[in-house]
Number of protein chains: 2
Amino acid sequence: MSEHAITGDEEQSTGPLAPYQVYELGDVVLQSGQTLRDAKLAYQTYGTLNPEKTNAIVYPTWYSGRHWENEWLIGPGRGLDPEKYFIIVPNMLGNGLSSSPSNTLAPANQARFPNVTMFDNVAYQHQLVTKHFGITSLELVVGWSMGAGQTYQWAVSYPDMVKRILPFCGSSRTSAHNRVFLEGVKAALTADAAWGNGWYTDQPQLGLRAAARVYAGWGFSQAFYWNELWREMGYSSLEDFLVGFWEGFFLDGRDANNLLTMLWTWQHADVGLTPGMDGDTMKALKSIKAKGVVMPGHKDLYFPPEDEAWAVKHMANAELREIPGVWGHFAGGGVNESDIEFIDKAVKELLVSPAD
Amino acid sequence: MSEHAITGDEEQSTGPLAPYQVYELGDVVLQSGQTLRDAKLAYQTYGTLNPEKTNAIVYPTWYSGRHWENEWLIGPGRGLDPEKYFIIVPNMLGNGLSSSPSNTLAPANQARFPNVTMFDNVAYQHQLVTKHFGITSLELVVGWSMGAGQTYQWAVSYPDMVKRILPFCGSSRTSAHNRVFLEGVKAALTADAAWGNGWYTDQPQLGLRAAARVYAGWGFSQAFYWNELWREMGYSSLEDFLVGFWEGFFLDGRDANNLLTMLWTWQHADVGLTPGMDGDTMKALKSIKAKGVVMPGHKDLYFPPEDEAWAVKHMANAELREIPGVWGHFAGGGVNESDIEFIDKAVKELLVSPAD
């Protein structure tokens, strides 16, 4: 394990400038059969693990997200209160901090970075939690979007370890429509000749910006755009939002191959692919022992509420609680106060409720 | 006016091989101020104009559609019955049959083809209907998607001429979200270097296929994909549908610049931009005298029913009638029997109802 500080400023404890930790996984054999050598899991922690090791929470990142981009839900007085809980935010493989196409040495770099599954991601997070921290029980696993997918995966992979789950704006299995939406993002990015099948030296600007523009229509709802709610986010026109927020989002330290690696993980996410589940998503959902609050966004266009209603139907102890409003998928993105409050309230309620 | 037969087979009266007509508009000044020289309006007719010229219907095409792709709603026993009505299907400017980047002579060809508005399109259709056919009153204007937009435009541009309108899966003004969706399609197409800012000699295959894949997630609903309803359309797998239907759709005689021309028309569609309407969509909607049945698709992702509910609220004599089911935008695409029946029933009811 090593400590990484992006700047020398040791005062920072949150944000992109705060030092973060890297857990050395060594050589790991992925679900695909490929070996990822010298694999690394970057993570950040908030709060203190109590001596009994009974106050731990795992809160994985999402598509392209980094640990500091989860921090909006963490804080004193919040459900994820670092004064009460020890909150671990592991960075997803491919996000540029954990092992990724952009930071892996040849020959497994760039276009040759292997495919990674949700199961793989969670298996390595489990190693960190158990082997490094010696934690045997988690109070909660919680996450947005692909973080919600990892949340489900935790509950299926380690049913006796996870007491509660709160997946928001995500799913236990990537639906066919969601896969098609991602095909569009991928097609736009890879249509740029500068991408060069992954062997670029400079980022494929046009492809990243095209992918961003494709994503823009999906990330927020029709009503969000009708009501020009991007104004609340500080943008002055629709084009200003497309460039400033969306293109900015895809350029902010992101890497094309990293995005494609995570996209593959997303397209192939399915708790039914957990060993022992026979490819059966319903069987996997039924195996979950954790108490769940499942929170789709009312107008989420690629993780629609009906899909999560289906999942809850197959879970022994889960409640469906839709996030109201028109922010669509980004209801879970921490970009508006009322959705943040709604999610935080659910986290608080779930954490104080008995787990069985 | 001239008659075009794609083959010498004069027996055909429908389909892509049937001869169709071209109305010579001459040099026309577009709303943008640009002159489109030797402008041509291709069209097809079905049935016979009665001596009183009181049985005419206009049924414009949609984004990339050609007149023969409207024929599924026309036929003996249907509402659009050629034994009763004289049905004119004008091809939209930019669709490859009417004046388009692909068929206009230099210097106004390819990337230099001027921007065309919905108002322009309908103004030239009006010339055909009035000057060529001598028709002064239309029983109905009806259309799908951008055809619905032209339907609204007819009712606003020529309020005393249009008795009834039936716009389905479309809108009177392209919403902001819809414009963003189209930005994604455009970005994907133009990310392909082979597009060359419109100066290609061969079609940009990768860009067209990327645009098709972006479109795929939007054209049908989440539930359509969940239920694998592409099987009903004859496809054997999701990838088979993406290649066979979607990529096939974007390659079937389509042209990249044509698609971009129509996309511009679509993004800028707004009946409020009709001269005299002061940019005020509501004022334009209020000016409509036609009796309307407005039919959004229940799960249409880019023309959602709530937008059409808004439009109907501002129209003097219109009913909102949602097309149920999960086929999304393609509820209006003539690809499944129950939606076809639902729309046809509405056409029949509207045609026999008094227009005021």
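In the predicted model, chain A can be superposed on chain B with an RMSD of 0.0 Å by a turn of 180° and a shift of 0.0 Å along the axis. The two copies are therefore related as by a two-fold rotation axis. The same surface serves both copies, as 100% of the contact residues of chain A recur in chain B. Among the residues of chain A, A:A188 comes closest to the rotation axis, its C-alpha lying at 2.2 Å.

Within chain A, helix α1 (residues 118-132) and helix α2 (residues 146-157) have axes that come within 9 Å and cross at roughly 70°. Angles of 65 to 115 degrees count as roughly perpendicular, and α1(A) and α2(A) are therefore roughly perpendicular to each other. Their crossing is right-handed. On the side of α1(A), the contact involves A:M118, A:F119, A:N121, A:V122, A:Q125, A:H126 and A:V129; these meet A:M146, A:G149, A:Q150, A:Q153, A:W154 and A:S157 in α2(A). By class, the contact between α1(A) and α2(A) comprises six nonpolar and seven polar residues, with no charged residues.

In chain B, strand β2 (residues 20-29) runs antiparallel to strand β3 (residues 35-46), and seven bridges join the two. Within this pairing, B:G26 stands opposite B:A39 of β3(B). The strands β2(B) and β3(B) form a hairpin, with five residues between them. In the turn, B:G33 has a positive phi of about 100°.

Note on methods:
Residues are numbered from 1 along each chain as its sequence is written. Chains are lettered from A and ligands numbered from 1 in the order in which they are written. This is a predicted model: local features need pLDDT of at least 70, side-chain atom pairs count only at pLDDT 80 or more; totals for chains, interfaces and linings use all residues. Side-chain values use heavy atoms; hydrogens and water are left out. Two strands pair if DSSP finds at least two bridges between them. Helices (H or I, at least four residues) and strands (E, at least two) are DSSP runs, numbered from the N terminus. Copies are superposed by least squares on the C-alpha atoms of residues with pLDDT of at least 70 in both. Contact means heavy atoms within 4.5 Å. Axes are lines fitted to C-alpha atoms, for helices over the stretch in contact, and angles run from 0 to 180 degrees between N-to-C directions. Angles under 35 degrees count as roughly parallel, over 145 as roughly antiparallel, 65 to 115 as roughly perpendicular and the rest as oblique. A crossing is left-handed if the near helix is turned anticlockwise from the far one by less than a right angle, and right-handed if clockwise. Ala, Val, Leu, Ile, Met, Phe, Trp, Tyr, Cys and Pro count as nonpolar, Asp, Glu, Lys and Arg as charged, and the others, Gly among them, as polar.
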